[in-house]
Amino acid sequence: MPESPEVSLHFSDYWRVIKNRWPIIATVFVLVVATTYFYTRSLSKIYSASAVIKVERENKDVSIFKQEMQGFDPVFFQTEYELIQSKKVLYPVIDKMGLQDVLAKQLGLEHMERDQVYFLLRNNFLKVQPYRNTNLIEIAVESQDAGQAADLANVITRQYQEYRIQDINEKSSKGLQTIREELDKQKKTVQEASAKVEKIRKDKNIDEEASSGADATTSQEMELQRKEALLTEAKADALGRQVRYDKVKNMSIEELETVLRSIGIEDSTISTLEQNFLSTQQNIEYLAKQGYESDHPKVKSAVASLDKIRSQLNQQIAGIKTGLEIDCQVANSKVKSIEDDVTAMRNKNRAKKSDDMVQFEEAKRELTTQQSLLDVLMGRFKQESFDSQIGSRPVIIVNEAEVNREAIRPRMSLNIALAVAVGLVLGISLAFFIEYLDTSVKSLDDVERYLNATVVGVIPNGVNTLNLEGPDSPNAEAYRILRAKLDLKAKPDGATTVTIVSGGPGEGKTTTLFNLAYVCAYSGINTLIVDTDFRRHSINTLLGVENGQGLADFLLGYLPLHECIKSTEIPNLQIITAGKLPPQCMGALSPAKMSEIIAVLKPHYDVIMFDSPPILGISDAAVIVHEVDMTLLAIQHRRYPRNISWRAKKVIEEVQGRFAGVVLNKVLLRSDESYYYYTSYYGYHGYYDEDSRQEAKDRAKTNKQKMRKQFAKNTDKNRPNTPSSKQDGDLY
């Protein structure tokens, strides 16, 4: 079959597909909407309740000598977001509400482990959503019980609040304990310094009042006092740095990362890396939810990026740890330098004074230094103790969860709206897909495009034989149009011979031929129908006559041709039935016999029509097509693949038949507006009123009953069993 030419589609072509396939579209649409409706009705209602909390950062870790400055932490809220969903918070909630038994009962299980309930709660019931660029976090819980959802959301909120308070108090206690330990050490140092002063005073018999009243305001002594004050400050600073370093030096990288901001260390590079790390983690989780496997290139790339960021983060934190150590060493070096200066100045003063007085003054200055350091520690301890007694509110409940009786799922209106859209899309898609698979002849353009042939007649669907409907039937006009296009009139050498063939059985060629003969006969044309379909003869059935003494008897030599001709009740119409041809004689219709039949009958009629079998696979049709004057190809609308019709036309051309065009049968006129120009059934339906239509129906019913009685009467007769003595060519 030749390749189909490219054809630009118009909107009307798409609209025709929708009109023709509307039952499929409607069926799919109804199925989708009905399925969605009943499925939505079958789902359990899910209720949701949410609480809103405000989360604040609060530093209760040790800061011995100064309050560290707090900066904005972009990672803090992401950490708290994950913490709310952690086992530390949800395990106590599971125990308090007895969720193991509750969920086991809801799911129809005998028992559920706490781990199972935790993962079910986190993945299916709990939704934690931080509000962007705020300190607010929404804790939402979904459940089949509205009251349970509200209770669970409130319990989770309070449990998280308790956990934060407990965590802060633990940090505060650890800080106070560290300060207390340093305070005890310093008290012991002050006591030792005080005891040393008292011992020197007694041993050397020094008059403290005389000593204090002496001239001690020399420039060297004033400088020594200033240096000793600097030494006190340097020691306090070095002690704070040493305590901080001692707390972190044995920590792992991960542990140090969590306490950096608590000890007052802010690093923009680490903050950026942490944000990138969290974003990459979320990307990997998103890819996993989308169904990407671990070996997918996108997942591999994300994992590699995550490892790289983690490595950079570890290096940065390790560098900070090293920096703390260096910072501590620098502070100690500063203390050592000041101590050296103080020692040198003391040696100068010692040379000017007696040894006893020098020792006494040095002991007093050491006592003063240690006492100052003790005062600093004592002040810091009192401040921390006071702060710890003030109620901490790291989590503020903004809105408590309330019972919401309106289910969030399933949403019937939304599901039905989506079902309507999906049903239409699926229905139309399926219609176009079936239309794509359907290679039958669907329009006049298909005939012209794929067969390179002209449509000479369009027969509407549901047309009956005109002897039942009557000559005034609206359907008769389609055959009159066909008769006019074929110009069926007698020629100088006799009748015009016509046959109608088809590619496959059941395409309506016999009905078309009979009705065409009917309108010819009623218009005054002397018409003869010859039934040459020996396998499935039906012309005699249409007219209600006996199939005895037919064309088969002539071919077998039993009767002359003129004795096979039968008159009908239709004026100007006679027929030759097929007769009964034995199976072993199916090839009796040879080209010579066919030529003889035409030659004998042609002078006596205006039109002779041969009812032929399908042209594909049966030789009789090819013989008839070769001999007649005009061959029509009957194609049933939307039945067989168009390649069958194409092959039928090809056979007509191969046997040198005179192809006159295509008759398109059983056409649904509403499927294409262009069909209106080929029939009057819809174009002029207003001419026939309801009374005329009912009269035509009654006439058809009467004619059908009459035909049945006549056919039953004729079948009772016996066909002659002996051949006739008349010659085959003697017609009259």
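Predicted model: local features only at pLDDT ≥ 70, side-chain atom pairs only at ≥ 80, totals over all residues.
Reader: How many residues of strand β10 are buried?

Author: Strand β10 covers residues 607–611. Val607, Met609 and Asp611 point one way from the strand, while Ile608 and Phe610 point the other way, and all are buried. The count of buried residues in β10 is therefore five of five, where buried means under 20% relative accessible area.

Reader: Which residue of β10 is the bridge partner of Thr499?

Author: Strand β6, residues 496–502, runs parallel to β10 and is joined to it by five bridges. Strand β7, residues 527–531, also pairs with β10 in the parallel sense, over five bridges. Val530 stands opposite Phe610 in β10. The bridge partner of Thr499 in β10 is Phe610.

Reader: Is Gln315 buried or exposed?

Author: Gln315 is found in helix α12, residues 297–352. The relative accessibility of Gln315 is 57%, and exposed means over 50%, so Gln315 counts as exposed.

Reader: What distance separates the end C-alpha atoms of helix α11?

Author: Helix α11 comprises 22 residues, 268–289. At 1.5 Å a residue, α11 should span 32 Å, and the model agrees with this, because its end C-alpha atoms are separated by 32 Å.

Reader: Which residue with a positive phi follows α11?

Author: Within α11, the buried residues include Ile270, Phe277, Ile284 and Leu287. After the helix comes a residue whose phi is near 95 degrees, namely Gly291.

Note on methods. Residues numbered from 1 in each chain as written. Heavy atoms only, no water. Buried < 20%, exposed > 50% of the residue type's maximum accessible area, 1.4 Å probe, protein only. Helix = DSSP H or I, 4+ residues; strand = E, 2+ residues; numbered from the N terminus. Pairing = 2+ DSSP bridges. Expected span 1.5 Å × (residues − 1).
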